[in-house]
Number of protein chains: 4
Amino acid sequence: MQIGKHVKSWHFKSMNRIQTAIVGASGYTGMELIRLLLTHPAVELTAVTSRQEMGKSIAAVFPRFQKAPAATLTFIAPDPDTIAATGAKVAFLALPHGVAAEIARALLERGLRVIDLSADFRLRDAAVYEEFYGHPHPAPDLLQEAVYGLPEIRTPEIQAARLVASPGCYPTSILLPLLPLLQENLIDPETIAANSMSGVSGAGRKADLDYLFCECNESARAYGIPKHRHLSEIEQELSLAARQKVTISFLPHLIPVNAGIVTTTTAKLLPGASPAAIGAALEKAYATAPFVRLLGQGGCADTKNVTRTNFIDIGWQYDPRTHRVILMSAEDNLGKGAGGQAVQSFNLMFGLNPTDGLLNF
Amino acid sequence: MQIGKHVKSWHFKSMNRIQTAIVGASGYTGMELIRLLLTHPAVELTAVTSRQEMGKSIAAVFPRFQKAPAATLTFIAPDPDTIAATGAKVAFLALPHGVAAEIARALLERGLRVIDLSADFRLRDAAVYEEFYGHPHPAPDLLQEAVYGLPEIRTPEIQAARLVASPGCYPTSILLPLLPLLQENLIDPETIAANSMSGVSGAGRKADLDYLFCECNESARAYGIPKHRHLSEIEQELSLAARQKVTISFLPHLIPVNAGIVTTTTAKLLPGASPAAIGAALEKAYATAPFVRLLGQGGCADTKNVTRTNFIDIGWQYDPRTHRVILMSAEDNLGKGAGGQAVQSFNLMFGLNPTDGLLNF
Amino acid sequence: MQIGKHVKSWHFKSMNRIQTAIVGASGYTGMELIRLLLTHPAVELTAVTSRQEMGKSIAAVFPRFQKAPAATLTFIAPDPDTIAATGAKVAFLALPHGVAAEIARALLERGLRVIDLSADFRLRDAAVYEEFYGHPHPAPDLLQEAVYGLPEIRTPEIQAARLVASPGCYPTSILLPLLPLLQENLIDPETIAANSMSGVSGAGRKADLDYLFCECNESARAYGIPKHRHLSEIEQELSLAARQKVTISFLPHLIPVNAGIVTTTTAKLLPGASPAAIGAALEKAYATAPFVRLLGQGGCADTKNVTRTNFIDIGWQYDPRTHRVILMSAEDNLGKGAGGQAVQSFNLMFGLNPTDGLLNF
Amino acid sequence: MQIGKHVKSWHFKSMNRIQTAIVGASGYTGMELIRLLLTHPAVELTAVTSRQEMGKSIAAVFPRFQKAPAATLTFIAPDPDTIAATGAKVAFLALPHGVAAEIARALLERGLRVIDLSADFRLRDAAVYEEFYGHPHPAPDLLQEAVYGLPEIRTPEIQAARLVASPGCYPTSILLPLLPLLQENLIDPETIAANSMSGVSGAGRKADLDYLFCECNESARAYGIPKHRHLSEIEQELSLAARQKVTISFLPHLIPVNAGIVTTTTAKLLPGASPAAIGAALEKAYATAPFVRLLGQGGCADTKNVTRTNFIDIGWQYDPRTHRVILMSAEDNLGKGAGGQAVQSFNLMFGLNPTDGLLNF
């Protein structure tokens, strides 16, 4: 079988590739990280960890990846010394909150850079973390250093970061459309309401009656009302953009698709703000952003156009009857909402082309 | 085959049954009406019409109904004289707007009572109809007489009606939770925003690329933004309840389920209104309503519990951070949102038990 | 709320209704039995049991049934004395194999008639049971008495039975098309191969990674190859009809629908048998059967026409190129394949009309 | 926007890329070809044609491809001269049968190599074509030259071909598992029966009631029984491998997934053939094939592992009770069953690495 040879020919030379670990790689986010990093031209995967899948190969746990160049790699325990010993220069963490902080610290101490996909380093204020997550923050001293990794908003900070907190799936779909409008003082922060629909992979890969096929198929419902944990990071970032404390309504729903989040957000235009300014603010913010696709006025973002990609599609509309702007965004919750965005930060951190390994359609 | 004999034994005697026609019975709403009326204990189906299926039996067009007692009935053309000649005392119209009004008039003139499931008689003001539907109202003189058929709200009017305008699917899911709160002055009408997700059957049974399986499956998107036609009847009824003109945001979405609408509506509580008053108002309005199921505070309505029934489930939550109340409702868009609700009005019009033919689970 | 009153008016008088228990009522089959028996005109539900849901009402466990007349009934432990004390004259058992036999015996001893939906009493030979189910039969002395409850085939035996073994979902879809052809010596038993596709509810309501939404959606695969447990009862019944030992290929598949089994079975026509004889044999067997719908030559049975009903649709085709007959059947695995068929036997056992409580569309 | 620059850096230099056209690019197969060729490192897309989408860009017709390097390319009419004038050296045809042959001839005459994904050049015998497709073959003189493009079987012929007939989706899933067993004389050709389940994209992107979401969702059914058109090419290739005329049963089904075919094929082992020989024959045939993944004995191929890839997964089992071997294969009907396989042939024809542009997971 000659796959190895052929692949190498269009990859970077192995010696130049960045040695990379994925910690907690047996869930759906871990699976997406594996998918992206297995074919990333600048990555050499050196470690994947999972307590429950230890000793099995990637191909055995995820048959989809059989015959991928590095799918023979074997899951190991999430031990920091072992991970460091593989030569890994960077680790992606796809672990539950609370657990991630501890291993992040250990890996940082061993010289790795860390991209954490949990909620542990997304909030600047440990008290807010405790309010929303129900336990004291496990590593408050690291919060100062961590960068909330929205690549479109914090490019230089991410480039320089040792510790990136990759944003949540819902927050990404809500923040990217809203931030430019708040920065430009176009909308009234008190009137923001975000309605999201998420695919079932957002609930994770765990045995739970609620997420059985027969419980989710032909079903749609709200949940997590009124104070979903993601509100904490959403409001933190909106407040920074608005230069005032912002409190919003957030209404998440579960719908029967594997992947994808569609979010429809409304807010009142401030007096004096014109509808045209909405489109202009979005253009100004994202015209050159490689993974934001602006659909313009009337563009209704559809999850089917973004699944398995790192794109977020954003359209908007103005309702003269209510003076509200309506923002419509769609992303893959595992892609731009998790694994893809983390790889996007990785590309920035290591000086790669922004789209390396991410231009799939 | 002895089905006929057995069925008759638990049905009313044939001579007591109400002779009934369904006009425009080859779409999804027509199919649901057939489903309900084929087994309704007080109904004798005498006519089903469809230009495109003329000459075929119900069982041939909808194989699901094969071996149903009256599935041998043959589709005929929608001719008023022919329909009247079958002895029909009442006709359900499942026709496009514009078309329905003409045949409604003709049937009324021939002495039938009419339950129209189109939009033609839902609006009291012909000018609003023209604004939202893009053509002059085809029978403005009948608007005065027509009753907007929300059985929970207008029981006596429906009982006496000759012409019932059965509400739209989205409006039903939005109005039933909101009306009691407006009547009791608990919420600020200017802050209402309703977010709905509908199954694909809401788009009708027509050959259209947009509704192919592969275009809808693994897809979710907003549409009809910002001025969906259903806004006209929603705002009419909200305004009546609020005793002032109400304008709202309405955000419909298409999701990959066959049937079901889930709606999440938010509004600010008025100063002085307590969260407990929300629950009390809903209880007061619907405690004895046979088809409204109150899920209480925190109850997240799920379409899977209402599909193929005439129930609407309503839960609510209060968000102290934003002072907003969140109303969560779920119904079957073809059931309580269309055919079931029309049969509910039929039961009222003919003095039957409210639940006759509708207690399916 | 007047539902109770109205319902009673078209039900049998309460005093004439048959007191009925469902043992093991918290799975999908139990849910379907509840659904059917809650509205069955001749049934008074007196007991539902579930170890895990003890103390909760039917409506609390299955919100779909809220406001059904008897949904306030509370789950109890599966204790035979307690069940008998509710006055139950008959019990439906929706329990795992092995467990069912013990409680069946206890209930029979207390004078109840039993309709068992597990595999425990389907096989006449305890040795075959042990071969396929991996443990000794728990009540071999009862096998003699038990009736394999295919109502179309064993009407008088079921009418007289104290213990009915209701057939499995796959066997029902395979046996009903094949039995008449074997009885009439039209096909070669050695050439039979049955291919089935089942909805996910067939796997039961249990927390298992394999049946998560994201694992089943957009997936199709064979499983249980080559010796699925249902083969034992399928071959027993085919052998009886063929008056010789029959061994077949059975290829079950899992597909992403909630409910429904479609089975396509092929067999070689015997020399001298004409294609027309296929249709004639099916007509002879089922022309008056209330729940078998013959689609004729070329009729491709579709699960969407039978879901949530007790119908099985059967079409057939002849392939002159291979001299094979192709039988196409569709049923709801929870309906005709489980709960509906059990109620059909119940109707026979208690002298009711065959279609009582089962004519839903 | 810098995407262009980055992409180029890891692509072949533009001057070395092969100029390529897709004729008939607005259906699902065309969409998949676009998806693959947009990111193929050795391809420069110079023309996409579609009568109905003329004048629109790829990104406008398929919003999924927005921001792909070449998505600004505009659909043109399928005129051979215009296509040739774009410099195209090769054309993929995703057109209906009958139509493809004519344009294939015209393009060949203009010096292009052609990879036809229709049925027009798959059969060696024009009479068989007429029997199965209902009209005389439109270009019988080209049949001699055309190569049936199964890359695993005809590598050298494809490398040298001017005209490749890319196999149908069902045939690929049936032929790859069976061919080695026939070549090695392990199975009885008279006993072969193939059962397939296909996703709805197999029906094409056309407005047709039968393929509406609500008609396909929660539905499963056989169709095309007993003489589906694909039988012609299946039996042609099986006969070549078996060195005798082979006639089989083929039972296609439609199931509610977007993409994917799972096929389960049974055949009797010939006397003297051992079960182990099955596994050995598959290993011998495919151990070094880059896109065939052997799952071994008991491996149940699942479509979810192959969707959006060019892999075909093949497992097998032996049933000692019936002496039948059971072959289980899964592929993406648009991938290995259409577009992916065509690109695989393209790579052979142009001396590229076999996996170029196809190693997606």
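At what angle do the axes of helix α8 (residues 169-183) of chain B and helix α10 (residues 230-242) of chain B cross? In this predicted model, the two axes come within 9 Å and cross at roughly 15°. Because angles under 35 degrees count as roughly parallel, α8(B) is described as roughly parallel to α10(B). The crossing of this pair of helices in chain B is right-handed. On the side of α8(B), the contact involves Cys169(B), Tyr170(B), Pro171(B), Ile174(B), Leu175(B), Leu178(B), Leu179(B), Leu182(B) and Gln183(B), and these meet His230(B), Glu233(B), Ile234(B), Glu237(B), Leu238(B), Ala241(B) and Ala242(B) in α10(B).

The corresponding pair in chain C can be described in the same terms. Helix α8 (residues 169-183) of chain C packs against helix α10 (residues 231-242) of chain C at an angle of about 15°, and their axes are 9 Å apart. The helices α8(C) and α10(C) are therefore roughly parallel to each other, and α8(C) passes α10(C) in a right-handed crossing. The contact joins Pro171(C), Ile174(C), Leu175(C), Leu178(C), Leu179(C), Leu182(C) and Gln183(C) of α8(C) to Glu233(C), Ile234(C), Glu237(C), Leu238(C), Ala241(C) and Ala242(C) of α10(C). Of the residues in the contact of α8(C) with α10(C), ten are nonpolar, one is polar and two are charged.

A further helix pair is found in chain A, where the axes of helix α2 (residues 28-38) and helix α12 (residues 335-349) come within 9 Å and cross at roughly 40°. That angle makes α2(A) oblique to α12(A), and the crossing of α2(A) and α12(A) is right-handed. From α2(A), the residues in contact are Thr29(A), Glu32(A), Leu33(A), Leu36(A) and Leu37(A), while α12(A) contributes Gly335(A), Ala338(A), Gly339(A), Gly340(A), Ala342(A) and Val343(A).

Seven strands of chain B form an open sheet in the order β3-β2-β1-β4-β5-β7-β6, and the pairing is parallel. The strands at its edges are β3 (75-76) and β6 (147-148) of chain B, each of which pairs on one side only. Strand β2 (residues 43-49) of chain B pairs with β3(B) in the parallel sense over two bridges, and Thr49(B) has Ile76(B) in β3(B) as its bridge partner. Helix α12 (residues 335-349) of chain B lies across several strands, namely β1 (18-23), β2, β4 (90-93), β5 (113-116) and β7 (163-165) of chain B, and α12(B) runs at about 155° to β5(B).

Some features of the backbone are local. In chain B, the peptide bond from Ile225(B) to Pro226(B) is cis, with omega near 0°, and Pro226(B) is found in the loop between β9 (221-222) and α10 of chain B. In chain D, a cis peptide bond joins Ile225(D) and Pro226(D), for which omega is about 5°; Pro226(D) is found in the loop between β9 (221-222) and α10 (231-242) of chain D. In chain C, Lys67(C) has a positive phi of about 75° although this residue is not a glycine, and Lys67(C) is found in the loop between α3 (58-61) and β3 (75-76) of chain C.

The relations between chains complete the description. Chain D is superposed on chain C by a rotation of 180° with 0.0 Å of shift along its axis, and the RMSD is 0.0 Å. The two copies are thus related as by a two-fold rotation axis. Of the interface residues of chain D, 98% are also interface residues in chain C, so the copies meet through the same surface. Chain B is likewise superposed on chain C by a rotation of 180° with 0.0 Å of shift along its axis, with an RMSD of 0.0 Å. For chain B, 100% of the interface residues are also interface residues in chain C, so these copies meet through the same surface.

Terms used:
Residues numbered from 1 in each chain as written. Chains lettered and ligands numbered in written order. Predicted model: local features only at pLDDT ≥ 70, side-chain atom pairs only at ≥ 80, totals over all residues. Heavy atoms only, no water. Least-squares fit on C-alpha atoms with pLDDT ≥ 70 in both. Contact = heavy atoms within 4.5 Å. Pairing = 2+ DSSP bridges. Helix = DSSP H or I, 4+ residues; strand = E, 2+ residues; numbered from the N terminus. Axes fitted to C-alpha atoms, helices over the stretch in contact; angles between N-to-C directions. Parallel < 35°, antiparallel > 145°, perpendicular 65-115°, else oblique. Left-handed = near helix turned anticlockwise from the far one by under 90°. Nonpolar A, V, L, I, M, F, W, Y, C, P; charged D, E, K, R; others polar.
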